[in-house]
Amino acid sequence: MLTLDGFPLFGNFTGAYSLSHYPLDTLDQVLITRGNGDDWHGSRSLGGGIHLHTKKIGNKETLLHLEGGSYDAISGSIGHGFSNDLGGFSGVIGHNSIFQGMSQAQNGNEHDNYGMTHALGNWVKKFDNGSLFASLYFVRSDEDMDAPGYWKNRLAWTDNKQSYLSDETWVTQLKSNYSFYQNWNTTLQLGFTQDRQKMLTTLITPDYFVSSNQLFLVDWRNTHNIYQNVKSDNQALFMWGINAQHQQNINYFVTQSIISPNIRSEFTHGDWKFTVDNRFDIANSVYGNHNAFSFGLSRNVNSTMNLYINGGKGYR
C-alpha cells in the first residue's frame, strides 16, 4: 500500500504506481511499515506500506533547488511558507525534464524525452485540543514511447516518433484531529484522488487508450488509551471506526462502493508489541461482503533490529 498524507493512492494499474511522481522536494518524511504494523490501515496492508508525508515549509522560509545530470536532465523546485491567524500555508512547484532519454527500441536511434510537472499546497491550523490539516498535490508526466513494430522481418520493440504516454494525478485530503479527553482521540479524514492516463501507439495498428480512475474516501477513527505506564512505555490501545470508499472508472463506467466498520487493539510491553485488527467490508458489487483480519507480534532486539511475525486474511 502506498499513501500520501495518510490517503491511499489509487492508480490505474495495481502494483505499478510510480514513486518517481513524488520528488523529494515535496516530501518531509517517508515511512515504511512492515506487515500489519500500520495502525491506520491495518488489514488493508498485510504486506506493509510506504507512507509519504508532504513537505510543510515554515513561516517565511523559502525552498530553491536546481540540478542537472546525464542525458540532458534538469530538475528544479521552488517553494515558500507563511503563517497568519488563519494557520500555516506552504507551497512547492517544480519541473523535471530529460531531453536525451534512452531508447527502449532494439534499433534505438531516437531519444525518448520525458517531462514532469508537480505542485503541492498545504494548510495547517492548530487548536487547543485538535488540529486541521489539508493538502493538495498535482503531478503530470509526459514521455515519449517506443512501440511494437517490425524490425528485420520480425516483431520487435521499435522507434516511434508519435507514440507517447501521459499520466496525470490529483490527490487532495482534509484531516481533522480532536482529543475529547486524555484517553480519547478522534480523527476524521475526507479525500479524493484521480489518476488519468493517456497513451498512443501508432505502429502496426494505431491504438489510443484513455483511462481515469477515481477514489472518494471518508475515514473516521477513534483511539482510546486504555492503559499507559509512562516510566516503562507499556500501553494498551483500542481503536474503532468506519471507512467508506467509492471507486469508479469514468471511461468504462465501472464503480464500486465499500463501507468497512473496523476495530483494532495494540498491546505494548517493553520491547514486545502485539496487534490484532478486524474489519468487515460491505460492498455494493458482485464481489460481495467480506470479513478481513490481521494479527502481528514484534520485538525490538536493539536500536537497529526488529523481529516480527504477522498474518491474517485480506481481500482485494
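Q: Which strand is threonine 186 found in?
A: Threonine 186 is in strand β13. Strands here are DSSP runs of E with at least two residues, and helices are runs of H or I with at least four, numbered from the N terminus. This is a predicted model, where local features need pLDDT of at least 70 and side-chain atom pairs count only at pLDDT 80 or more, while totals for chains, interfaces and linings use all residues. Residues are numbered from 1 along each chain as its sequence is written, and side-chain values use heavy atoms, with hydrogens and water left out.

Q: Is threonine 186 buried or exposed?
A: Threonine 186 is buried, with a relative accessible area of 11%. Buried means under 20%, exposed over 50%, and partly exposed in between, using a 1.4 Å probe and protein chains only.

Q: What does the side chain of threonine 186 make a polar contact with?
A: One partner is the side chain of tryptophan 220, at 2.8 Å. The side chain of asparagine 222 is another, at 3.0 Å. A polar contact is a pair of N or O atoms within 3.5 Å; within protein, one must be able to donate a hydrogen and the other to accept it, and residues adjacent in sequence count only if both atoms are side-chain atoms.

Q: And which residues is threonine 186 in contact with, leaving aside neighbours within four places in sequence?
A: Those are Ser176, Asn177, Tyr178, Phe180, Trp220, Arg221 and Asn222. Contact means heavy atoms within 4.5 Å.

Q: Switching to rings: how many aromatic pairs are in the whole structure?
A: The search finds nine. Rings of Phe, Tyr and Trp (its six-membered ring) pair if their centres lie within 6.5 Å; planes under 30 degrees apart count as stacked, over 60 as edge-to-face, and the rest as tilted.

Q: Why is the pair of tyrosine 181 and tryptophan 184 stacked?
A: Their planes are at 25 degrees, with ring centres 6.3 Å apart, so the pair counts as stacked. Tyrosine 181 is exposed at 58% relative accessibility, whereas tryptophan 184 is partly exposed at 26%.

Q: What about phenylalanine 192 and phenylalanine 216?
A: That pair is tilted, because the planes are at 45 degrees, with centres 4.9 Å apart. Phenylalanine 192 sits in β13 (residues 184-201) and phenylalanine 216 in β14 (residues 207-229), so the pair ties together parts 24 residues apart in sequence. Phenylalanine 192 is partly exposed at 23%, and phenylalanine 216 is partly exposed too, at 35%.

Q: Which residues form the aromatic cluster?
A: Tyr178, Phe180, Tyr181 and Trp184 form one cluster.

Q: OK, the chain as a whole: how many helices and strands?
A: Zero helices and 19 strands. Of its 316 residues, 40% count as buried.

Q: What's in the largest nonpolar core?
A: It has 17 residues, and those with the most contacts inside it are Leu4, Leu9, Tyr22, Leu52, Tyr137 and Val171. β1, β8 (114-126), β9 (130-144) and β14 each supply at least two residues of this core. A nonpolar core is a set of buried Ala, Val, Leu, Ile, Met, Phe, Trp, Tyr and Cys residues joined through side-chain atoms within 4.5 Å.

Q: Last one: what is the order of the open sheet of four strands?
A: The order is β2-β1-β4-β3, with mixed pairing. Strands pair if DSSP finds at least two bridges between them. The edge strands are β2 (7-8) and β3 (27-33), each pairing on one side only. β1 (residues 2-4) and β2 run antiparallel, joined by two bridges, and threonine 3 stands opposite proline 8 in β2.
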